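Colleague: I am new to this one. Could you walk me through it?

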Amino acid sequence: MKQAMIIMNPSSGKENALKHVSSVKDILLDQGYEVTVKETEKERDATNFCVTACEQSCDLVVSIGGDGTLHETINGFIDQDHRPKLGIVPLGTVNDFARALQIPLQPEKAIQTLTSSRVQTVDMGRLNDQLFVNVVAAGSIAESLSSVTSEDKSKLGAFAYLKEGIKELMSSHAHPLHIRYDGQTWEGESPLFLAALTNSVGGFEKLAPDAAVDDGLLHCFIIKDLHLFNTLTASLSLLFGSLKNHKDVIYFTAKHVSVSSAEAVRTNVDGEEGPPLPINLSTMPRHIEVIVPEED
Ligand SMILES: Nc1ncnc2c1ncn2[C@@H]1O[C@H](COP(=O)(O)OP(=O)(O)OP(=O)(O)O)[C@@H](O)[C@H]1O
């Protein structure tokens, strides 16, 4: 019999996760799965559950929660030969990975997507010894993103991040960054380095418009020291997808990137606080299969 594991975070999605579990379970039972439900209680639980799912050769893992739960779930795939298919019921504020894969953001519709026969093979990123699905940010703007409050997230959604980012740009605090990518080097002061795997970053679906989920590339942006008068144009570029053409932005794609600094600099990984610099990034091309909606 086919095996499925549901991994759900009861605290995500304004604590609405529990009410969706039974419909997910029913849909999977209808499809002939034997279903195990795992409820997270703390950090890393989702990773440990997913490791078990891999070791037990499960066919499917469904993550019910926000980007934090998804990030922890996919980290269970690290170094595993058997990786179950992934289903996603997005309950977070931003849900970048679901946006990039056109998985509906309304939980009820996302649950229906689990009946789809279409799967998309997707790249994962590797940062030191962890995986990521969406984006790594380093620099003072990344630090400020980790301080976005849950209250602001509920009230403002993705704009909560833009608000913090603009506040940081106005103070124009840059760190000296040393960035090596595919044999090239960039050195300079920057308030933000971003490496994106998908087109959706922080809820802005046009930030990296060229990033395909299976192109095997990190789409990287270095924002150079911005002055106050540039803040507005940079924010508009973020919204309308021309960030890479902004005169104070360096854009490149690479398979391997390392970022270090002479100063202590924090990172943000898939929306959660990450390790401090230095970091090594690489792509793991077409590493997992995700259930996505049928084509129209
Ligand atoms: N039972 C629990 N109670 C509180 N926190 C939990 C629990 N289980 C897991 N967590 C932690 O909650 C964190 C945030 O979860 P997640 O991002 O999925 O939800 P969210 O905050 O609603 O989403 P978003 O950040 O997109 O708004 C996870 O990284 C995880 O470590």
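This is a predicted model: local features need pLDDT of at least 70, side-chain atom pairs count only at pLDDT 80 or more; totals for chains, interfaces and linings use all residues.

Colleague: What share of the 296 residues in the protein is buried?

Modeller: A residue counts as buried if 20 or more other C-beta atoms lie within 10 Å of its own. Of the residues in this protein, the buried share is 46%.

Colleague: How far apart are the end C-alpha atoms of helix α2?

Modeller: Helix α2 covers residues 17–30, which makes 14 residues. At 1.5 Å a residue, α2 should span 20 Å. The model agrees with that, as the end C-alpha atoms are 21 Å apart.

Colleague: Within what arc do the buried residues of α2 fall, seen down its axis?

Modeller: The buried residues of α2 are Ala17, Val24 and Leu28. An α-helix has 3.6 residues a turn, so residues three or four places apart point the same way. On the other side of α2, Lys19, Ser22, Asp26, Leu29 and Asp30 are exposed. The buried residues of α2 line one face of the helix, because they fall within an arc of 35°.

Colleague: Which strands stand at the edges of the open sheet of six strands?

Modeller: The order in this antiparallel sheet is β12-β11-β10-β7-β14-β15. An edge strand has a single partner, so one side of it is left without a neighbour in the sheet. The strands at the edges are β12 (249–254) and β15 (272–273).

Note on methods. Residues are numbered from 1 along each chain as its sequence is written. Two strands pair if DSSP finds at least two bridges between them. Helices (H or I, at least four residues) and strands (E, at least two) are DSSP runs, numbered from the N terminus. The expected span of a helix is 1.5 Å times one less than its number of residues. A residue is buried if 20 or more other C-beta atoms lie within 10 Å of its own, exposed if 12 or fewer, and partly exposed in between; C-beta atoms are placed from the backbone. The arc is that of the directions from the helix axis to the C-beta atoms.
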